[in-house]
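Subject: Structure for you to look through

Hello,

Here is the structure I said I would pass on. Please open it beside this message and follow along.

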Amino acid sequence: MTQPVDADELLTRMRGARDWAAREAERKTALTETLRSEDRRTEAGDADVEARVFRSICVVLDEILQPGSHSDRA
């Protein structure tokens with residue numbers, strides 16, 4: 001059985017997840033540009049979709065971590 005997690009630990013984990021998602025979004029965006037420059041359109045499209053997914057995760061976690069401060073992103 002898993003151990004319960006206190007609020008501080010949960011907050012730390014959520015911040016870590018948000019930071020990871022931001023790094024992945026940047027990595028996938030860079031990959032998209034590289035693939036486009038190599039004229040690999042299908043792979044570039046896939047990487048772009050993945051970058052958008054990671055950016056969406058960041059938006060959701062930002063809203064959870066700082067409620068109401070990101071309404072202009074919608």
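Below are my notes, going through the helices, then the salt bridges, then the loop and the surface.

Please keep in mind that this is a predicted model.

The two helices

Helix H1 covers residues 7-37 and has 31 residues. From its first C-alpha to its last, H1 reaches 45 Å, close to the 45 Å expected at 1.5 Å a residue. Helix H2 covers residues 41-65, which makes 25 residues. The reach of H2 between its first and last C-alpha is 36 Å, again close to the expected value, here 36 Å.

Which residues of H1 are buried? They are Met-14, Ala-21, Ala-22, Glu-24, Ala-25, Lys-28, Thr-32 and Leu-35. These buried residues pack against H2. In H2, the buried residues are Ala-44, Ala-47, Asp-48, Ala-51, Phe-54, Cys-58, Leu-61 and Asp-62. They in turn pack against H1.

An α-helix has 3.6 residues a turn, so residues three or four places apart point the same way.

Salt bridges

The count comes to nine salt bridges. I will go through some of them.

Asp-62 forms a salt bridge with Arg-18, and the closest N and O atoms are 2.7 Å apart. This pair links distant parts of the chain, since Asp-62 is in helix H2 and Arg-18 is in helix H1, 44 residues apart. Is Asp-62 buried or exposed? Asp-62 counts as buried because its relative accessibility is 10%, and the cut-off for buried is under 20%.

Glu-9 forms a salt bridge with Arg-13, with 2.9 Å between the closest N and O atoms. Both residues lie in helix H1, four residues apart, which is about one turn of the helix. Glu-9 has 34% relative accessibility, so it counts as partly exposed.

Glu-33 and Arg-36 also meet through their side chains in a salt bridge, at 3.5 Å from N to O. Both lie in helix H1, three residues apart, about one turn of the helix. Glu-33 is partly exposed, with a relative accessible area of 45%. Arg-36 is partly exposed as well, with a relative accessible area of 46%.

There is also a network of salt bridges, which links Glu-38, Arg-40 and Glu-43.

The loop

What follows H1? H1 is followed by Asp-39, whose phi is positive. The place of Asp-39 is in the loop between H1 and H2. Its phi is about 60°, although Asp-39 is not a glycine. Asp-39 counts as exposed because its relative accessibility is 52%, and the cut-off for exposed is over 50%.

The surface

Which residues form a nonpolar patch on the surface? They are Val-49, Val-53 and Ile-57. Together they have about 230 Å² of accessible area. Val-49 is in helix H2, the helix whose buried residues, including Ala-51 and Phe-54, were listed above.

To go over the main points in the viewer, start with the buried residues of H1 that pack against H2.

Regards

Notes:
Residues are numbered from 1 along each chain as its sequence is written. This is a predicted model: local features need pLDDT of at least 70, side-chain atom pairs count only at pLDDT 80 or more; totals for chains, interfaces and linings use all residues. Side-chain values use heavy atoms; hydrogens and water are left out. The expected span of a helix is 1.5 Å times one less than its number of residues. Buried means under 20% relative accessible area, exposed over 50%, partly exposed in between (1.4 Å probe, protein chains only). Contact means heavy atoms within 4.5 Å. Patches are made of residues with over 30% relative accessible area and no salt bridge: like charges are joined within 9 Å, nonpolar side chains (Val, Leu, Ile, Met, Phe, Trp, Tyr) within 5 Å. Accessible areas come from the Shrake-Rupley method with a 1.4 Å probe; for residues, only the protein chains shown count as cover. A salt bridge is a side-chain nitrogen of Lys or Arg within 4 Å of a carboxyl oxygen of Asp or Glu.
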